[in-house]
Amino acid sequence: MINKEDLSFDQNRIWHPYTSLSNPLPTYPVASADGVRLKLADGKELIDGMSSWWTTIHGYNVPELNQAAKDQLKKMAHVMFGGITHEPAIKLCQKLVKITPEGLEKVFLADSGSVSVEVAMKMAIQYQHAKGQSQKSKFMTIRNGYHGDTTGAMSVCDPEGGMHHLFAEFLPKHFFVDQPQKRFEESYENEELAQLEQFFRLNSDKCAAFILEPVVQGAGGMWFYSPDYLKKIRQLCDAHDILLIADEIATGFGRTGKLFACEHAEVTPDIMCVGKALTGGYMTLAATLTTQHVAETVCNGEAGVFMHGPTFMGNPLACAIANKSLELLFTSNWQDKVSAIEKQLKQELIPLANSLSVKDVRVLGAIGVVEMKGTVDVPKAQKFFVEKGVWIRPFRNLIYIMPPYIIEKGDLHRITTAITNYIV
Ligand code: PMP
């Protein structure tokens, strides 16, 4: 049981993501969760619109995932990965190689999305170094991107959203190109990509790789851009001898309607990061995949090895759950579910674009975004949504949802109705 003192301790002593301890915002104690419902400590139930930040694609308290965890616990929760291997990790890496875009064959298991991005960046640096191109030590990326909160990842996040000025003395400096303006459903003519070509001409000789979130920019602004742009970047990376890193941490495992967002552009990156939904939201686990060519070049370089190895690498419990989560995904008609969610979100959210306070509405796969003209008062909006029995956590001027794929029509309707009621 959580009492008042516990809550006060929480408010004053425990940092939540991006929060102040001097001016704490309300937090809602959750006692348990089941299906698409979060159960608050006071007994109230909320329909989850967030999938706990893109992770719980099968919902909460999933019997198959619970069982996989229990079965693995009886064997071992953890064992070091240095000099040791185990079935859950091998099976998971086999699956990842099979389901990710053709050509990605080698796997590094990381403990969080941010770490998998650090790993990807270090891989690119080691690759260029091994090719005798150690001057290629910077990165190119797109403004309004988000790749995680650790230092390397942060240095390629949007300079404003990532507060680069605050960390200016600390963060390495990289090269940022403007966000693509064409929407997901629009196409690019070649001449419109002249700025991108110029950007490559100016900077690629100093860069190891171009890192981006394919098609959907998530925490940096929930923007869905034209797959043509991604295709063009793939061509330019090849022409300028730099690697393409695709951060599929948010988009991976079906969220955008394709298993991986790179598939919208039929592109294989040289390095790809996955995380978040990998374990169905049960455990923290991520992976960085790369090609035979990159792995071989890295391992033939000066170090002779890839220089990374976290303590909890390949955690067996997380891998066992990830194996089961992928099995569930592939036996679940996920495409039908995601496209039903997409259809309903389009029907129920797009009319909001006519509202005076709304700047734009966009829907892709199981992601719905209402971009407001002004900043959303998050505590006020959250309180409103909780009163309506739904869990939605806006940020900046964005009210966005990405529900578990198992959500039923009526529950999703309650979420979109709550958003509509908040806005109009
Ligand atoms: N990349 C992207 C695209 C993300 O959305 C996130 C998390 N929001 C990360 C990287 C970082 O992942 P993690 O929070 O697991 O470190």
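1. pLDDT is the predictor's confidence in each residue, on a scale from 0 to 100. What you have here is a predicted model, where local features need pLDDT of at least 70, side-chain atom pairs count only at pLDDT 80 or more, and totals for chains, interfaces and linings use all residues. Numbering runs from 1 along each chain as its sequence is written, and side-chain values use heavy atoms, leaving out hydrogens and water.

2. On confidence, the chain averages a pLDDT of 97, and 100% of the residues score at least 70.

3. Now the fold: 13 helices and 16 strands, taken as DSSP runs numbered from the N terminus (helices H or I, at least four residues; strands E, at least two). The C-alpha trace spans about 60 × 55 × 45 Å along its principal axes.

4. As for burial, 53% of the 424 residues are buried (under 20% relative accessible area; exposed is over 50%, partly exposed in between; 1.4 Å probe, protein chains only).

5. Two loop residues deserve a look. Asn144, between β5 (138–142) and α6 (151–155), has a positive phi near 70° and is partly exposed at 23% relative accessibility. Asp241 sits in the loop between α8 (227–239) and β10 (243–247); its phi is also positive, near 55°, and its relative accessible area of 29% makes it partly exposed. Most residues other than glycine have a negative phi.
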